[in-house]
Amino acid sequence: TLTLDFSKPGVRVSPTLYGLMTEEINYSYDGGLYGELVRNRAFLDDAQRPAHWTAVGDKSSVSLERTGPTAARPVALRVGGGVANDGYWGIPVKPRSTYRLSVWAKTDGRGPISASIESENGATVYAKADLEGADGTWRNLTATLKTSRDVPTTAAARLVLRTGTARTLWLSQVSLFPPTFNGRRNGNRIDLVEKLLDMRPKFLRFPGGNYLEGNTLQDKFPWRDTLGPIEGRPGHKSPWGYRSTDGMGLLEFLLWCEEIKSKPVLAVYAGYALNGDVIKPGTLLRPFVQDALDEIEYVIGGPETKWGAQRIKDGHPKPFPLECVEVGNEDGFDKTGSYEGRFVQFYDAIKAKYPKLRVISTTGGKDWLGQKFPLTQRKPDLVDEHYYSEAWDMMALATKYDDYDRSGPKVFVGEWAAFDTVAPWVGGARTGPTSNLRCAIADAAFLTGVERNSDIVAMSCYAPLFVNVNPGGRQWAINLIGYDALNSFGAPSYYAQTMFGQNIGDRTVATTLTGVPEQRSGDRKLPGLFASATRDTRNGTLFVKVVNALPTSQELAFDLKGAQIASDGTLTVLTGDPKDVNTLAEPAKIAPQTTKLNGLSSSFRRTFPANSVSVLRLRTK
Ligand code: AHR
């Protein structure tokens with residue numbers, strides 16, 4: 001029996017309960033969300049060779065020179081004849097599409113440089129254009145390339161530039177963009193933004209994760225260098241094994257938040273690098289604190305401020321709706337235990353300048369990492385807890401927050417995901433690249449606990465968000481949304497979270513499950529069913545989530561105390577084989593199905609399939 005007791009007050013559901021976490025991992029931006037199609041566009045990925053660029057035809061030649069035009073673009077590609085770029089596992093070609101090409105180039109002659117998007121062997125040209133105006137001076141040349149309605153949809157394509165009448169061509173940056181979401185320049189891939197919009201995220205935590213910190217003190221996310229025209233951005237070394245173009249810079253993160261109707265949760269660098277190096281609290285940390293204040297000023301400062309004025313100059317007069325700032329990331333890994341001192345310094349400076357901002361700490365929580373260094377000198381507004389847990393353990397975490405200390409900071413579950421058997425940081429190619437249904441069931445079970453306790457859990461976001469599924473495209477095994485150059489799909493976990501994000505009220509309804517069969521693993525026991533319920537107090541909609549982790553279907557008797565429901569509603573169910581995954585070939589193998597319900601009353605029965613996540617949407621009268 002599932003009892004829903006409306007006579008109890010329930011708790012206010014945090015309006016920011018479900019959001020997203022993002023960082024550059026698994027080619028999330030370069031080769032992912034960020035629309036750029038040219039790989040190694042500034043020839044900085046490899047100092048020895050022009051990676052992803054090849055000479056076209058027997059008589060052509062390509063080589064790297066240190067003769068680029070600026071400090072941010074120190075390298076030039078010298079081309080005789082023609083050169084091709086193979087993109088991020090191909091260049092996606094679609095019919096009736098317009099591509100924007102922007103090239104920084106010079107030549108030893110005059111006359112146009114020819115540009116084309118061609119099949120991999122060059123036999124078929126899908127779109128072409130001339131870049132006019134090249135001469136012996138570095139110039140920015142632009143053109144649009146349009147495909148006709150007859151071209152195939154394929155990623156087996158390359159971008160080719162040819163010298164034309166000149167003998168030699170030098171390139172310092174080559175950029176090609178397909179249509180982007182809302183047509184934004186330097187913008188995002190449409191299918192991926194649409195998938196995020198369907199999740200109804202309330203916030204976006206960025207830029208990491210490990211990507212905020214980098215491997216060494218030199219490799220932190222360099223927000224200042226990510227502003228302005230892309231040819232001024234040097235890019236930087238990311239901790240996930242490849243160089244970042246920083247095309248997805250601070251402003252682009254913020255614009256992305258706008259696109260998905262989310263508020264930014266900005267993580268500021270707090271002086272800890274992944275190799276264990278730390279800037280000790282005190283004088284040496286001061287410039288880092290100032291750096292964070294400047295960064296916040298860029299996001300919310302007015303025209304009278306230096307960095308607010310810079311944002312306005314960059315095209316965004318309105319401050320962004322920043323409410324939360326996170327100090328560092330997973331600082332429980334800092335063996336020196338310096339976080340408390342560093343946190344105090346950042347906290348005091350941020351609160352002094354921006355008293356309304358809520359400050360998030362990365363230790364002091366009740367996850368395994370956070371407990372190592374409790375915070376005693378300042379009470380953060382929120383504490384970030386991370387859980388990457390085997391599916392069984394994730395289901396066990398469903399009750400974690402039921403008896404959590406309510407006198408401390410609120411909780412931000414800033415990274416979490418269930419995995420099946422092999423941990424995602426060691427699993428590599430053996431599992432993934434996205435979760436299976438078993439993981440999604442465990443994720444959903446955990447979320448019933450998050451939702452039930454959303455007086456204390458104010459925010460939560462799964463990680464990682466994105467993965468490029470091509471060989472070599474991933475560093476983490478279990479992710480939410482997979483893609484190649486052309487197509488994308490949501491994992492079962494994506495659908496489970498979309499179901500939770502789309503169906504949430506503003507107040508919880510007390511739920512009790514009785515007579516529930518247990519699930520067992522060795523001598524461990526857990527309930528086989530999990531549930532939570534919320535209602536929208538403005539219109540009476542009731543959202544009931546039921547997770548059946550058992551291998552048999554389960555009939556539940558619903559007992560609504562203190563409320564009447566209308567006879568109609570809907571039921572959305574995600575079910576299948578627990579080992580099943582979605583893929584590019586079968587993107588909706590595990591996807592929710594919605595049916596209409598009729599004949600409901602305040603005590604009705606419903607059968608929930610084996611291995612399922614279900615959402616009932618009902619109307620209270
Ligand atoms: O999500 C992958 C990594 O897991 C994040 O970068 C880091 O914060 C965590 O350890």
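# A walk through the model, starting at a loop

Start by selecting G209, which sits in the loop between β13 (203–206) and α2 (210–213). Those labels are DSSP runs, numbered from the N terminus: helices are H or I runs of at least four residues, strands are E runs of at least two. Residue numbers count from 1 along each chain as its sequence is written. You're looking at a predicted model, where local features need pLDDT of at least 70 and side-chain atom pairs count only at pLDDT 80 or more, while totals for chains, interfaces and linings use all residues.

Now show the backbone there. G208 and G209 are joined by a cis peptide bond, with omega at about 15 degrees.

P464 is in the loop between β21 (457–460) and β22 (466–468).

Next, select α4 (residues 286–300) and α6 (residues 339–353), whose axes come within 10 Å and cross at roughly 35 degrees. The axes are lines fitted to C-alpha atoms, for helices over the stretch in contact, and angles run from 0 to 180 degrees between N-to-C directions. Show side chains for V289, A292 and L293 of α4, then Q345, F346, A349 and K353 of α6, and you have the contact. Contact means C-beta atoms, placed from the backbone, within 7 Å. Its residues divide into five nonpolar, one polar and one charged.

Colour the domains now: domain 1 covers 2–13 + 505–620, and domain 2 covers 53–179. These bounds come from an automatic or database domain assignment. The C-alpha centres of the two lie 54 Å apart.

Find the open sheet of five strands with the order β3-β6-β11-β8-β9, paired antiparallel. Strands count as paired if DSSP finds at least two bridges between them. Which strands stand at the edges? They are β3 (53–55) and β9 (125–131); each has a single partner strand, so one side of each is left without a neighbour in the sheet. From one strand to the next, the twist averages 20 degrees.

For a close-up, pick β8 (residues 113–119) and β11 (residues 157–162), an antiparallel pair with six bridges. S114 stands opposite R162 in β11. Then move to W89, in the loop between β6 (82–85) and β7 (98–107). Its phi is near 55 degrees, a positive value in a residue other than glycine.

Over to β1 (residues 2–5), which runs parallel to β31 (residues 554–561) and is joined to β31 by four bridges. Look for L4 opposite L560 in β31. β31 also has four bridges to β34 (residues 605–608), this time antiparallel, and Q554 stands opposite F608 in β34.

Now select the six strands of another open sheet, in the order β25-β29-β30-β35-β32-β33, with antiparallel pairing. At its edges stand β25 (507–508) and β33 (593–597), each with a single partner strand, so one side of each has no neighbour in the sheet. β25 pairs antiparallel with β29 (residues 529–535) over two bridges, and T508 stands opposite T534 in β29.

Finish with two helices lying across strands of this sheet. Helix α9 (residues 437–452) lies across β25, β29, β30 (541–548), β32 (565–575) and β35 (612–620), running at about 45 degrees to β29. Helix α10 (residues 492–502) lies across β30, β32 and β35, and runs at about 160 degrees to β32.

Conventions
Ala, Val, Leu, Ile, Met, Phe, Trp, Tyr, Cys and Pro count as nonpolar, Asp, Glu, Lys and Arg as charged, and the others, Gly among them, as polar.
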